[in-house]
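User: I have a model open and would like to learn how to read its features one at a time. Could you walk me through it?

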Amino acid sequence: MKQASRFEKIAARCWNLLNEGKPFTPIFVAGTMTIYHAADWMGGSWGWMLGLAAALPLFVIYYVYDYPLFLRNYLWIPYVVFLIVWSFADASLLLLASGLYFFFTVFFWGTLYYHLRIGTSWWNFTRFWKLVLKNSDSTSGNAQEQLPKCFLLLSVWEYASQQIDQGAALAPLCGALWLFAAGVWLFSWILHRNLFDWQPEIIPTYTNNVPSPTVPISDKVYVIVIDGMRKDRFEAANAPFLKRLRAQGTEFAQMETVYPARTVVCFTSMLTGTYPFEHGIRSNMVWKLGAKVETIFDSLRKIGKTGRLLGIAHLVDSFGDDVETVTAVMPNDLADRYIIERAKRIVEEQNPDLLVVQLIATDQTGHSRGVLYDEYIEKIEEADALIAEFVGWLEERGELERATLIVCADHGQADGIGGHGHLDEGERYVPFFLYGPAIEAGKRVDEKKSLVSLAPTIAYLLGAPYPSHSRGPVLIEAMRKKGGER
């Protein structure tokens with residue numbers, strides 16, 4: 001299986017500029033205005049650009065505030081206020097913006113992009129438009145968040161441009177619209193402070209529920225992350241191997257992901273043991289490469305052990321050379337098969353003490369076809385069969401005699417385009433269970449836990465120091481007591 005090329009890594013970062021909602025909004029608005037005023041700039045007239053000065057504060061406000069889930073309904077209030085106070089609406093501009101938006105999301109992203117990258121049908125737009133309208137995540141595909149934001153930004157910019165063309169002075173014009181922006185900022189601040197109350201609680205202390213280990217209790221740890229596997233859909237799937245593994249090990253039934261539940265954010269929290277405010281990875285769009293704190297791979301190096309992460313190119317942005325990349329440009333039906341074959345090769349050639357494997361087909365199916373359809377269930381069932389094969393292969397090689405298996409998802413997926421980020425229904429709690437000779441058998445823990453416990457738990461199993469900023473408690477409930485004591 002091919003590794004992600006340098007070109008693919010750069011292309012993935014460029015794609016994130018359009019995929020993540022925060023950078024998309026200003027790029028889309030600026031692009032729409034450029035097209036709308038094409039005749040002007042082709043004729044050498046750039047006066048319409050002066051109107052941007054009046055809209056700049058709103059760009060900043062809408063970059064800072066996401067308006068997640070139901071809060072997006074409030075985005076129409078500032079726009080209605082603008083319509084009433086300034087009595088300005090350019091129907092041609094708004095129709096152009098709507099057309100460009102749905103062309104980008106439904107045809108460019110949902111059809112062309114997925115067809116070229118993972119082989120989705122050319123007819124995917126016949127379903128994708130419905131997914132975009134329902135989508136609630138933090139990407140550009142969140143129509144109910146993006147459209148009112150873009151409408152207001154375009155309207156303010158165009159209004160200011162027309163006023164300037166008619167001879168209005170720039171300073172008083174900006175003054176009035178900046179005062180309006182101040183009101184939008186206050187409105188946003190009050191809403192988010194009082195209504196945005198569903199983020200997971202931050203664990204206030206560093207890992208201290210058990211002393212830092214000096215002796216390993218497992219020789220190897222294998223972590224298999226089924227990216228985007230929604231918990232209720234896993235229960236609905238026919239996945240006999242994983243469910244038997246869960247029954248014979250320890251399950252954490254209330255395992256909570258982090259906020260925002262974006263893939264690179266979640267993996268970074270899982271493998272550093274802390275949250276975005278500390279490790280610095282706040283979305284899939286990584287502006288500065290590398291986690292700001294120690295990872296589990298750093299901890300293992302301190303005691304002469306090795307760890308590898310097998311995953312897509314995005315993860316390099318956080319973990320650098322600790323990632324064995326796989327290309328994400330391949331038919332989705334073959335992706336997980338190739339990843340498992342690559343995992344076997346890593347075991348044969350490097351035999352690391354820790355191997356983290358990211359299976360991507362379930363997540364990609366959720367994004368391209370939605371999570372409430374049979375295709376999504378089928379991908380979970382395929383992952384079950386592939387993991388059964390991989391574990392059987394490890395057993396034949398004698399790799400599991402003193403090893404621990406951990407199976408989990410990094411986040412769930414919501415309705416719509418399998419979105420994840422704002423913790424809508426289906427995103428928050430993920431499957432999570434451990435299996436092995438050091439793990440309690442047939443145990444279920446119903447207490448709420450966090451994925452930030454993964455890194456310190458791996459460190460505990462392998463006898464390594466906890467990563468420097470690890471906050472998650474070790475999942476000590478899963479550890480088999482000496483002498484069979486429970």
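Analyst: Gladly. Domain bounds are taken from an automatic or database domain assignment. Keep in mind that this is a predicted model. Here the assignment gives domain 1 (6-196) and domain 2 (220-478).

User: How many residues of each domain are in contact with the other, and what separates their centres?

Analyst: For contacts, we look for heavy atoms within 4.5 Å. By that reading, 33 residues of domain 1 are in contact with 37 residues of domain 2. The centres of domain 1 and domain 2, taken over C-alpha atoms, are separated by 34 Å.

User: Which residues touch the most other members of the largest nonpolar core?

Analyst: The general idea comes first: in soluble globular proteins, nonpolar side chains tend to be buried together. In this model, the largest nonpolar core has 149 residues, and V223, L271, L354, F432 and I458 touch the most other members. Helix α8 (residues 143-165) gives the most to this core, with twelve residues. The core also draws at least three residues from each of domain 1 (6-196) and domain 2 (220-478).

User: What does L354 touch?

Analyst: Leaving out residues up to four places away in sequence, L354 touches V221, V223, I296, F297, L300, T306, G307, R308, I458 and L462. Two of these, V223 and I458, are on the list of core residues that touch the most other members.

User: Now the strands. Is β7 enclosed or open, and why?

Analyst: Buried is taken as under 20% relative accessible area. Six of the six residues of β7 are buried, so β7 is largely enclosed by the rest of the structure. As a general point, in a regular strand the side chains alternate between the two faces of the sheet. Both faces of β7 are covered: on one side A403, L405 and V407 are buried, and on the other T404, I406 and C408 are buried.

User: Which strands pair with β7, and in which sense?

Analyst: Strand β1 (residues 220-226) pairs with β7 in the parallel sense over six bridges. One place to look is V221, whose bridge partner in β7 is T404. Strand β7 (residues 403-408) is also joined to β9 by four bridges, and these two run antiparallel. Along that pairing, L405 has Y435 as its bridge partner in β9, and C408 stands opposite F432.

User: What else pairs with β9?

Analyst: Strand β2 (residues 250-252) pairs with β9 (residues 432-435) in the antiparallel sense over two bridges. There, E251 has F433 as its bridge partner.

User: Where is L245 placed, and which residues does L245 touch?

Analyst: L245 is in helix α11 (residues 240-247). This leucine is buried, with a relative accessible area of 5%. Setting aside residues up to four places away in sequence, L245 touches L405, V407, F433 and Y435. L405 and V407 are on one side of β7.

User: Is S136 buried or exposed, and what does S136 touch?

Analyst: S136 is found in the loop between α7 (125-134) and α8, and S136 is buried, with a relative accessible area of 2%. The side chains of S136 and D424 are joined by a polar contact of 2.5 Å. Beyond residues up to four places away in sequence, S136 touches L69, R72, N142, A414, H422 and D424.

User: Which residues does the UniProt annotation "transmembrane region" cover?

Analyst: According to the unreviewed UniProt entry, that annotation covers residues 45-64, 71-89, 95-116 and 169-191. In the model, residues 95-116 are 100% helix and 0% strand, with the end C-alpha atoms 29 Å apart. Residues 169-191 are 96% helix and 0% strand, and the end C-alpha atoms lie 34 Å apart.

How values were computed
Residues are numbered from 1 along each chain as its sequence is written. This is a predicted model: local features need pLDDT of at least 70, side-chain atom pairs count only at pLDDT 80 or more; totals for chains, interfaces and linings use all residues. Side-chain values use heavy atoms; hydrogens and water are left out. A nonpolar core is a set of buried Ala, Val, Leu, Ile, Met, Phe, Trp, Tyr and Cys residues joined through side-chain atoms within 4.5 Å. Buried means under 20% relative accessible area, exposed over 50%, partly exposed in between (1.4 Å probe, protein chains only). Two strands pair if DSSP finds at least two bridges between them. A polar contact is a pair of N or O atoms within 3.5 Å; within protein, one must be able to donate a hydrogen and the other to accept it, and residues adjacent in sequence count only if both atoms are side-chain atoms. UniProt positions are given in the numbering used here, feature names are shortened, and annotations may be inferred rather than shown by experiment.
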